[in-house]
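Here are my notes for a colleague who is new to this structure. Please read them with the model open beside you.

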Amino acid sequence: MPPTPATSSESHDSVLLGRIARQDRRAFDELYHAYYRRLSRFLQRLAPRYQFAEEIINDTFWVVWTKADDFRGAARVSTWIMGIAYRRALHALRDERQLHGALHEQIHEESCSTDELGESHDVQDWVARGMQALPIEQRIALELAYFMGHSCEEIAAITDCPVSTVKARMFHARERLRKTLPSLGGSPSMMPP
């Protein structure tokens, strides 16, 4: 059976990580560029500030550079890297809350030229506001599952918690969104099932 693109990519990532463990800068650059966009999307959904994402990505890859030889293959390389980013982001968000008393994030609005695009943007803004109201662990579980495409098992590995905890966080997040979204100005017809 020929390797799938996912297994081929994972195999290539493992080879790169082995080279990084031997301090190969070219391998590091290749892995960085392979994961930069994915990490950036994930982190900007948590705190949509460019500087936040950049700092966490840099911290994440510093750990990859210094700890590549500690990787034992118990999880996929992508899960290991996302786990590092998750823990760095969670720590940074908690620090920020402590310093400022509350997490203050900006959601940038774009102007739309048609009513349909405007309505679509309104729904996206409405859901984004609902997501921001969730506790950070619940929000991250939903982000990893629905926006990043990770399974519950992968999310458990990334967040270093049991699968049952991931499922509970997702359940409570969906329930909270179901109750919160109508009060944020969306119409009941836009409510997710």
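**Notes on the helix packing and selected residues**

1. Helix H2 covers residues 25-46 and helix H6 covers residues 136-147; their axes come within 10 Å and cross at roughly 140°. That angle makes H2 oblique to H6, because angles over 145 degrees would be needed for roughly antiparallel. The crossing of H2 past H6 is right-handed. Keep in mind that this is a predicted model.

2. Which residues make the contact of H2 with H6? From H2 come Phe42, Arg45 and Leu46. From H6 come Arg139, Ile140, Glu143, Leu144 and Phe147. By type, the residues of this contact are five nonpolar and three charged, with no polar ones.

3. H2 also packs on helix H3, residues 50-67. The axes of H2 and H3 come within 10 Å and cross at roughly 145°. Here too, H2 passes H3 in a right-handed crossing. On the H2 side the contact is made by Arg25, Phe28, Leu31, Tyr32, Tyr35, Tyr36, Leu39, Ser40, Leu43 and Gln44. On the H3 side, the residues include Tyr50, Phe52, Ile56, Ile57, Phe61, Val64 and Trp65. The contact of H2 with H3 divides into 15 nonpolar, four polar and two charged residues.

4. Now the overall picture. How many helices and strands does the protein chain have? There are eight helices and zero strands. Read from the N terminus, the order is α-α-α-α-α-α-α-α. The chain has 193 residues, and 39% of them count as buried. Among contacts with a separation of 6 or more, 63% join residues 24 or more positions apart.

5. Look next at methionine 82. This residue lies in helix H4, residues 77-100. Methionine 82 counts as buried because its relative accessibility is 0%, and the cut-off for buried is under 20%. Leaving aside neighbours within four places in sequence, methionine 82 is in contact with Arg38, Leu39, Phe42, Leu144, Met148, His150 and Ile158. The C-alpha atoms of methionine 82 and alanine 157 are separated by 9.3 Å, although the two are 75 residues apart along the chain.

6. Threonine 79 is also placed in helix H4. Is threonine 79 buried or exposed? At 5% relative accessibility, threonine 79 is buried. Not counting residues up to four places away in sequence, threonine 79 touches Glu154, Ala157 and Ile158. Ile158 is also in contact with methionine 82.

7. Serine 78 is found in helix H4 as well. Serine 78 has a relative accessible area of 2%, so it is buried. Residues up to four places away in sequence aside, serine 78 touches Glu10, Tyr35 and Arg38. Tyr35 also takes part in the contact of H2 with H3, and Arg38 is in contact with methionine 82.

8. Two backbone angles deserve a look. Most residues other than glycine have a negative phi. Glutamine 23 has a positive phi, near 65°, and is not a glycine. Glutamine 23 sits in the loop between helix H1 (5-21) and H2. With 47% relative accessibility, glutamine 23 counts as partly exposed.

9. The second case is aspartate 160. Its phi is positive at about 55°, again in a residue that is not a glycine. Where is aspartate 160 placed? Aspartate 160 is in the loop between helix H7 (152-159) and helix H8 (163-180). At 65% relative accessibility, aspartate 160 counts as exposed.

10. Last, the cysteines. How many disulfides does the structure hold? The structure holds zero disulfides. A disulfide is a covalent bond between the sulfur atoms of two cysteines. Why is there none between cysteine 152 and cysteine 161? The sulfur of cysteine 152 has its closest cysteine sulfur in cysteine 161, and the 9.9 Å between them is too far for a bond. The cut-off for a disulfide is within 2.5 Å. Cysteine 161 is buried, with a relative accessible area of 15%.

How values were computed
Residues are numbered from 1 along each chain as its sequence is written. This is a predicted model: local features need pLDDT of at least 70, side-chain atom pairs count only at pLDDT 80 or more; totals for chains, interfaces and linings use all residues. Side-chain values use heavy atoms; hydrogens and water are left out. Axes are lines fitted to C-alpha atoms, for helices over the stretch in contact, and angles run from 0 to 180 degrees between N-to-C directions. Helices (H or I, at least four residues) and strands (E, at least two) are DSSP runs, numbered from the N terminus. Angles under 35 degrees count as roughly parallel, over 145 as roughly antiparallel, 65 to 115 as roughly perpendicular and the rest as oblique. A crossing is left-handed if the near helix is turned anticlockwise from the far one by less than a right angle, and right-handed if clockwise. Contact means heavy atoms within 4.5 Å. Ala, Val, Leu, Ile, Met, Phe, Trp, Tyr, Cys and Pro count as nonpolar, Asp, Glu, Lys and Arg as charged, and the others, Gly among them, as polar. Buried means under 20% relative accessible area, exposed over 50%, partly exposed in between (1.4 Å probe, protein chains only).
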